[in-house]
Amino acid sequence: MRTKATADDYRWFEADFPRLAEAYCVTVVRGITPAEVLGLLQAEVRGNCVGVRALDEHAHKAAQVHRGSHGYLGVAPLGGWSVMVEPNGYLGTLDGVLSRLSAGRTAVSHFCNVNAVDHFNWYEDGELRLHFEPLFAHDRDGSDPDGLVTSMREVGFVVEEVEELEEGEEADADDADIVTAAAFALAERVTGVRLTPEFLEDAPFVEGLAPIPGD
């Protein structure tokens with residue numbers, strides 16, 4: 001089900017969850033249970049928690065022990081989909097991971113870290129349909145790089161290349177701030193799955209520690 005979500009529908013994310021918004025990856029996968037997601041990732045189940053704040057605390061503690069070798073994540077069900085949240089993680093950006101998760105189904109992920117590195121990925125049946133960096137949405141790749149251009153523009157992305165800034169000129173801060181909200185909105189348009197503050201506060205996550213695939 002396609003929706004008309006825009007960045008304005010997700011402005012709450014950075015305001016309500018500032019620590020998570022600094023570095024996160026969210027992956028939404030159709031027709032698969034949280035247990036199946038963890039199985040495909042070869043993750044060790046680490047229990048359960050309620051909400052992303054508890055998940056964030058557990059992920060930061062795990063990173064002190066497993067930094068660089070494993071990723072900590074939580075997966076919760078939502079309307080026939082599974083929502084995977086990684087505080088300060090990036091498994092959901094990796095082709096090998098997304099190819100596995102999307103085999104026979106849809107998977108959409110978006111990611112941003114503290115260095116403002118960001119990615120949006122849309123996979124169908126193991127194939128990358130669209131990838132771009134939200135701050136540079138004019139530069140797209142995948143098998144269908146222009147298939148969502150209209151939706152990308154409507155949610156708030158700048159989809160055409162803009163002229164480089166003159167020396168001493170600064171980028172519009174609002175342009176940088178909007179891209180995370182726009183990524184959530186575009187994911188909703190592709191999947192029909194709306195994430196809400198209430199869901200992130202109360203989601204019943206199954207937690208896992210997954211090995212990061214080697215090169």
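Predicted model: local features only at pLDDT ≥ 70, side-chain atom pairs only at ≥ 80, totals over all residues.

Colleague: Let us begin with Arg-140; why is Arg-140 called buried?

Modeller: Arg-140 has a relative accessible area of 19%, and buried means under 20%, so the value falls within that class. As for its place, Arg-140 belongs to strand β8, which covers residues 136-141.

Colleague: What makes the pair Arg-140 and Asp-146 a salt bridge?

Modeller: The closest N and O atoms of Arg-140 and Asp-146 are 2.9 Å apart, and the rule asks for a side-chain nitrogen of Lys or Arg within 4 Å of a carboxyl oxygen of Asp or Glu, so the pair qualifies. The two side chains are also joined by a polar contact of 2.9 Å.

Colleague: Which backbone oxygen does the side chain of Arg-140 reach, and what else is in contact with Arg-140?

Modeller: The side chain of Arg-140 reaches the backbone oxygen of Pro-145 at 3.0 Å. With neighbours within four places in sequence left aside, the residues in contact with Arg-140 include Leu-130, His-131, Phe-132, Val-149, Met-152 and Val-159.

Colleague: Why are Arg-194 and Asp-9 called partly exposed?

Modeller: Arg-194 has 41% relative accessibility and Asp-9 has 30%. Buried means under 20% and exposed over 50%, with partly exposed in between, so both residues take the name partly exposed.

Colleague: What makes Arg-189 and Glu-154 a salt bridge, and which parts does the pair tie together?

Modeller: The side chains of Arg-189 and Glu-154 meet at 2.4 Å, N to O, and since the cut-off is 4 Å, the pair is counted as a salt bridge. Arg-189 lies in helix α7 and Glu-154 in helix α6 (residues 149-155), so the pair ties together parts that are 35 residues apart in sequence.

Colleague: Are Arg-189 and Glu-154 buried or partly exposed?

Modeller: Arg-189 is buried, because its relative accessible area is 4% and buried means under 20%. Glu-154 counts as partly exposed, because its relative accessibility is 39%, which lies between 20% and 50%.

Colleague: Turning to strand β5, why is Thr-106 called buried?

Modeller: Thr-106, which lies in strand β5, has a relative accessible area of 7%, and that value is under 20%, so the residue is called buried.

Colleague: How do you know that the side chains of Thr-106 and Glu-124 make a polar contact?

Modeller: The distance for Thr-106 and Glu-124 is 2.8 Å, and a polar contact needs N or O atoms within 3.5 Å, so the distance meets the cut-off. Thr-106 is also in contact with other residues, among them Val-28, Val-29, Arg-30, Trp-81 and Trp-122.

Colleague: What lines the second largest pocket?

Modeller: The second largest pocket, with a volume of about 320 Å³, is lined by 19 residues, and the closest to its centre are Ala-63, His-70, Gly-71, Asn-88 and Gly-89. The largest share of this lining, 6 residues, comes from α4, and by class the lining divides into 9 nonpolar, 8 polar and 2 charged residues.

Colleague: How many cavities of 30 Å³ or more does the structure hold?

Modeller: The structure holds 2 cavities of 30 Å³ or more. The largest cavity has a volume of about 50 Å³, and its lining includes Tyr-10, Phe-184 and Leu-195, with α7 giving the largest share, 4 residues. The second largest cavity has about 40 Å³ of space, and its lining includes Tyr-24, Cys-112 and Pro-134.

Conventions. Residues numbered from 1 in each chain as written. Heavy atoms only, no water. Helix = DSSP H or I, 4+ residues; strand = E, 2+ residues; numbered from the N terminus. Buried < 20%, exposed > 50% of the residue type's maximum accessible area, 1.4 Å probe, protein only. Polar contact = N/O pair within 3.5 Å; in protein donor to acceptor, adjacent residues only side chain to side chain. Contact = heavy atoms within 4.5 Å. 1 Å grid on protein atoms, 1.4 Å probe; cavity = no way out; pocket = protein on both sides within 12 Å on 5 of 7 lines; lining within 4 Å. Points joined across faces, edges and corners; volume = space filled by probe spheres on them. Nonpolar A, V, L, I, M, F, W, Y, C, P; charged D, E, K, R; others polar.
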